[in-house]
Structure formats: structure tokens, C-alpha cells
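Welcome, and please load the model in your viewer. We will go from one selection to the next, with a short note on each.

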Amino acid sequence: MNKKLLIMVMMVIFMTAGIASAQQKAFQFGFKVAPSMGWIKPNAVDYERDGVKAGFNWGFVGEFFLMENYAITTGFNVMYLNGAYTYPDKITNSVGSLIGNTKRELHLKYIQLPVILKMKTNDFGGLRVYGEMGFGLGFKVDAKADDQFTVQNSQHEVVTSDVGSQYRFTRESLILGAGVEYLLGGSTFITAGIRFDNNFIDIMKDQNKVDSSVEQKGIANLLELQIGLLF
């Protein structure tokens, strides 16, 4: 065998062995829970954001190591994304048509499939710091709204309804996050971090009932505090 080729093969073997020894496992599996804060950011005439609402997410996580300190994170998340906004609206009752404003508290549920690049520091005292960046694709499972209609300072009762047809089936987002991993023993880590899930394509659709020239547009963002366990 050519000496140069033999040396190259030996170098690859040693490098591979070193990486395998350092990261111990090429794959890790786990789960996470994450309380969150969500908000709706409309982008249409006379549509206004109306505060931040609490939510909750959970899911299963898989990490595939590319190199010792770099991994692709995927899995699936169940996301309960809540928010509120107000907008011009029209309702029809026994008296006729009334034009006013609706305050909507929106409750969305998605199954999200993320693909994230996770970058970790070296281990120091059982602790590793990480940063992450990636993409999330969510599929709408449910959408309900608590609507309160107001006309001439007269408030109507809050009506809860299924509004799934008023929102797009998918939600695309940019994911940014940071956190820490602490070694419990063996290859088991407990993780804690903050993740910003930034929706970048409108989730709303259709036209406004009062002014059909106004296209309903808006995005739904969330900030979550995630706690997980990796094996």
C-alpha cells in the first residue's frame, strides 16, 4: 500500500476515534417542556396588537452530531400559541348589520417540525453552553377564538368559536436560542434555555368584513423557556 495513503487512512481513523470518544454518542434523544409567551402582530389597516398571552409547548427531541460540538436538532413540538388583537368587524343579527370592533383572543395549536443547528462549547465542570439557529415548520391542528364585539361603546358577550378556516394551515418560522446543558451522569444531560420562535409568513387569510379591500395579514411569535432531558 502506498505510504501516503496509509498515513492518510491512519489519520482518519485517529480523528474518528477521537471524535467518537469526545462525544460518546453520535445520537441523543430526549424531551422538553416549555412555558411560553406569545403575541399576534397584525399588518393590516386598523388592526392592532393587544398584549401578550401565556402558552405552553412540549415535545420530543433528537440530536444528531455532525462534529464534537455541532449537532442537528430535530423532533416534533406540540405548540399552544396564544395572542390577542383588535380589528374592524361587522356582525349581523335580528336588528340588522352592525359595524364596530372585535377584540379577539386567539388560541392556536400546531405540530411543529424543527430543523436546527446547535453549537456547543467544550465541557467545563459538567456544563456546556449552546447556541442554536434553525427553521420550524408548523401544521395547524386547532384554532379557536374568544371574540368580544364592541359598537358605540356597547360591548356584546364574549363568543368562543372555531376559526380554523380563517388561518393558514402552515406556520413557517426562524428559530433562535441559547442555553446550557448540565451532565447528570453517563450521557444524560438536563438542559435549560430560551428560544425565540419568529414567524415570518402571514398566518391570516381572507379580506376584512368591513372593508373588503383590506387583506388580513399578521404573524404569531413566541418566546419560550425550555427545560429538557437528553439521554
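Start with the strands around the largest cavity: strand 1 (27-42), strand 2 (48-67), strand 3 (70-92), strand 4 (97-120), strand 5 (127-151), strand 9 (188-199) and strand 10 (218-230) each supply at least two residues of its lining. Strands here are DSSP runs of E with at least two residues, helices are runs of H or I with at least four, and both are numbered from the N terminus. A cavity is a set of points on a 1 Å grid over the protein atoms alone where a 1.4 Å probe fits but cannot get out, and lining residues have an atom within 4 Å of a point.

A word on the model: it is predicted, local features need pLDDT of at least 70, side-chain atom pairs count only at pLDDT 80 or more, and totals for chains, interfaces and linings use all residues. Residues are numbered from 1 along each chain as its sequence is written, and side-chain values use heavy atoms, with hydrogens and water left out.

Stay with the largest cavity, which has a volume of about 200 Å³, taken as the space filled by probe spheres set on grid points that are joined across faces, edges and corners. Now select K32, V61, K118, R195 and Q226: of the 20 lining residues, these are the closest to the cavity centre. Next, colour strand 10, which gives the most to this lining, with five residues. By class, the lining has eight nonpolar, seven polar and five charged residues (Ala, Val, Leu, Ile, Met, Phe, Trp, Tyr, Cys and Pro count as nonpolar, Asp, Glu, Lys and Arg as charged, and the others, Gly among them, as polar).

Zoom out to the whole chain. Of the 231 residues, 37% count as buried (under 20% relative accessible area, with exposed over 50% and partly exposed in between, using a 1.4 Å probe and protein chains only).

For the last stop, show the aromatic rings. The search of the whole structure finds 11 aromatic pairs, where rings of Phe, Tyr and Trp (its six-membered ring) have centres within 6.5 Å, and planes under 30 degrees apart count as stacked, over 60 as edge-to-face and the rest as tilted. W58 and F60 are edge-to-face, because their ring centres are 6.0 Å apart and their planes at 85°. Finish on Y85 and Y87, a tilted pair at 5.5 Å centre to centre with 35° between the planes; both residues are buried.

Notes. 1 Å grid on protein atoms, 1.4 Å probe; cavity = no way out; pocket = protein on both sides within 12 Å on 5 of 7 lines; lining within 4 Å.
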